[in-house]
Amino acid sequence: MSDILSIKDLRVSVEEKEILKGINLEVKTGEVHAIMGPNGSGKSTLAYALAGHPKYEVESGEVWMGDDNVFEMSPDERAREGLFLAFQYPTAIPGVSMANFLRTAVNAVKGEVVDGEKKAIPITEFRKMMLDKMSLLQIDRAFARRYLNEGFSGGEKKRAEILQMALLEPRFAIMDETDSGLDIDALRIVSEGVNAIKGPQMGIVLITHYNRILNYIKPDYVHILVNGRIIASGGQELAERLEVEGYDNVIKEAVQEAI
Ligand code: ADP
Ligand code: MG
């Protein structure tokens, strides 16, 4: 089982414009890495490229999950191998209940293949799994009957994602601005959810513009992404410096050090 997600000199362009200009990052299971950066620096581009979104052209570089070459895998193979991506702007799926959506997702990712056919997890078993995770995350049972993201508040959309993540038990979770648009209570609830499901078997990449989520989910490493490059890496103190000094100062200093 692969326990390192390794991104090597990754270059990605969107509509012929180079956005990521050589990203190197190594994430082990059990670690939490924060990627922070100003708007437009390429944070979401990194998440989309890892997901295999067709608009995001990988120009060069490699991504490995252990011995598996991620760019040689289809998006659903990536998911089955334990890569999970939570996006900044989740879409609504009218007419599909949370429970049905989650069951489909869990079957697709975790369903066993027997004699060339995918075996669905029995409904009663799935229901128990779902209710267990819902109680772990303190999510009301009525939530499962609602239609996916339809009329969900920002906080509810994120909780739905965390619930999905809890059920899929990925080895690597990339979370793009999970904190965006959340008020302080929703942020705390969502962070507690992530803290409840993280553990030695899961590596987390937390993409964020602001420091505040890092007060709840403590990163082991912090990386600053500017203009498609990681210009500084450190521990929690780097995020705290950003909070106090702002991006401009931290960027200036990193540039000076590089000269
Ligand atoms: P961040 O998430 O750090 O705010 P993004 O990765 O969304 O940054 O965007 C980085 C750059 O790539 C921006 O200049 C943005 O305009 C461009 N970009 C990203 N996605 C697209 C897209 N789907 N179509 C066109 N341009 C895009
Ligand atoms: Mg973004």
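The model is a predicted one. E15 sits in the loop between β1 and β2, and its phi is positive, near 45 degrees, although the residue is not a glycine. Most residues other than glycine have a negative phi. The two strands on either side of this loop form a hairpin with two residues between them, and E15 is in the turn.

D9 is not a glycine, yet its phi is positive, about 45 degrees. D9 lies in strand β1, whereas E15 belongs to the loop between β1 and β2. D9 counts as exposed because it has 12 C-beta neighbours inside 10 Å, and the limit for an exposed residue is 12 or fewer.

Strands of a sheet pair through backbone hydrogen bonds, either parallel or antiparallel. Between β1 and β2 there are nine bridges, and the two strands run antiparallel. One of the bridge pairs here is V12 with L20 of β2. Strand β1, residues 4-14, is also joined to β4, residues 56-65, by eight bridges in the antiparallel sense. On that side, S13 has E57 of β4 as its bridge partner, and S6 stands opposite W64 of β4.

The next topic is the ligand. Which residues surround ligand 1? The shell consists of V14, E15, I19, G37, N39, G40, S41, G42, K43, S44, T45 and K55. By class, the shell has two nonpolar, seven polar and three charged residues. Helix α1 gives the most to the shell, with three residues.

Helix α1 covers residues 43-51 and is mostly covered itself, with seven of its nine residues buried. The buried residues are K43, T45, L46, A47, Y48, A49 and L50. After the helix comes G52, whose phi is positive, near 85 degrees.

The largest nonpolar core has 69 residues, and L50, F84, L163, A173 and L206 have the most contacts inside it. Helix α5, residues 154-168, gives the most to this core, with seven residues. Leaving aside neighbours within four places in sequence, L50 is in contact with V63, V70, L83, L85 and I174.

Two of those contacts, L83 and L85, belong to strand β6, residues 83-86. Are the faces of β6 covered or open, and which residues are on each side? Both faces are covered: L83 and L85 on one side are buried, and so are F84 and A86 on the other. Strand β6 runs parallel to β9, residues 172-176, and four bridges join the two. F84 has A173 of β9 as its bridge partner, and both residues are listed among those with the most contacts inside the core.

Finally, the chain as a whole. It has seven helices and twelve strands. Its radius of gyration is 18 Å, close to the 18 Å that the globule rule gives for 259 residues, so the chain is as compact as a globular protein of that length. The C-alpha atoms fill a box of roughly 60 × 40 × 35 Å along the principal axes. Of the 259 residues, 38% count as buried. Among contacts between residues at least 6 apart in sequence, 71% join residues at least 24 apart.

Methods:
Residues are numbered from 1 along each chain as its sequence is written. Chains are lettered from A and ligands numbered from 1 in the order in which they are written. This is a predicted model: local features need pLDDT of at least 70, side-chain atom pairs count only at pLDDT 80 or more; totals for chains, interfaces and linings use all residues. A residue is buried if 20 or more other C-beta atoms lie within 10 Å of its own, exposed if 12 or fewer, and partly exposed in between; C-beta atoms are placed from the backbone. A residue is near a molecule or strand if its C-beta atom, placed from the backbone, lies within 6 Å of it. Ala, Val, Leu, Ile, Met, Phe, Trp, Tyr, Cys and Pro count as nonpolar, Asp, Glu, Lys and Arg as charged, and the others, Gly among them, as polar. Two strands pair if DSSP finds at least two bridges between them. A nonpolar core is a set of buried Ala, Val, Leu, Ile, Met, Phe, Trp, Tyr and Cys residues joined through C-beta atoms within 7 Å. Two residues are in contact if their C-beta atoms, placed from the backbone, lie within 7 Å. The radius of gyration is taken over C-alpha atoms; the globule rule is 2.2 Å times the number of residues to the power 0.38.
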